[in-house]
Amino acid sequence: MLNIIIYEDNDVFMKKNVEGVNRALVNCDIEYKIIKFSHYSDKLDDIINQKGTKKIYILDVEMEEPVKLEVEVPVQKEE
């Protein structure tokens, strides 16, 4: 299961994001769930800190409340 987390406070943009995700994945053989947030909450924090799940975040960069999201990127050494 792929969780797609959309963090957006504008209803129009939220709808466009949901429609865009559904259009992009309609013909794919991927089981996914869209989880929507319009403000920061404990539930969002729990999802962010959940280990072992596949997630894609679509974030509004102009939110009133900051998202506490840390991203780890593996660095490969050149040989």
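Which residues of β1 are buried on one side, and which on the other? Leu 2, Ile 4 and Ile 6 are buried on one side of β1, and Asn 3, Ile 5 and Tyr 7 on the other. Buried means under 20% relative accessible area and exposed over 50%, with partly exposed in between (1.4 Å probe, protein chains only). The views below come from a predicted model, in which local features need pLDDT of at least 70, side-chain atom pairs count only at pLDDT 80 or more, and totals for chains, interfaces and linings use all residues. Residues are numbered from 1 along each chain as its sequence is written, and side-chain values use heavy atoms, with hydrogens and water left out.

**View 1. The chain runs β-α-β-α-β.** It holds 2 helices and 3 strands. Helices (H or I, at least four residues) and strands (E, at least two) are DSSP runs, numbered from the N terminus. Of the 79 residues, 25% are buried. The chain exposes about 6600 Å², and carbon and sulfur atoms supply 49% of that area. Accessible areas come from the Shrake-Rupley method with a 1.4 Å probe; for residues, only the protein chains shown count as cover.

**View 2. Three strands form an open, parallel sheet in the order β2-β1-β3.** Strands pair if DSSP finds at least two bridges between them. The edge strands, β2 and β3, each pair on one side only. From one strand to the next, the twist averages 20°. Axes are lines fitted to C-alpha atoms, for helices over the stretch in contact; angles run from 0 to 180 degrees between N-to-C directions. Helix α1 (residues 11-25) lies across β1, β2 and β3 and runs at about 170° to β2.

**View 3. β1 and β2 pair in parallel over 6 bridges.** Asn 3 has Lys 33 as its bridge partner in β2. Ile 4 has Ile 34 as its bridge partner in β2. β1 is mostly covered, with 6 of its 6 residues buried.

**View 4. Asn 3 is a buried residue of the sheet, in strand β1.** Asn 3 counts as buried because its relative accessibility is 9%. Leaving aside residues up to four places away in sequence, Asn 3 touches Lys 33, Ile 35, Gln 50, Thr 53, Lys 54, Lys 55 and Ile 56. Contact means heavy atoms within 4.5 Å.

**View 5. Helix α2 (residues 42-49) has a buried side.** Its buried residues are Leu 44, Ile 47 and Ile 48. They cover an arc of only 100° around the axis, so they sit on the same side of α2. The arc is that of the directions from the helix axis to the C-beta atoms. The face turned away from the buried side carries the exposed residues Asp 42, Lys 43 and Asp 46. Cover for the buried residues of α2 includes β1 (2-7), β2 (32-37) and β3 (54-59).

**View 6. The largest nonpolar core has 8 residues.** They are Ile 5, Tyr 7, Ile 35, Phe 37, Tyr 40, Leu 44, Ile 47 and Ile 48. β1, β2 and α2 each give two or more residues to this core. The largest share, 3 residues, comes from α2. A second, separate core of 7 residues includes Ile 4, Ile 6, Val 21 and Leu 25. A nonpolar core is a set of buried Ala, Val, Leu, Ile, Met, Phe, Trp, Tyr and Cys residues joined through side-chain atoms within 4.5 Å.
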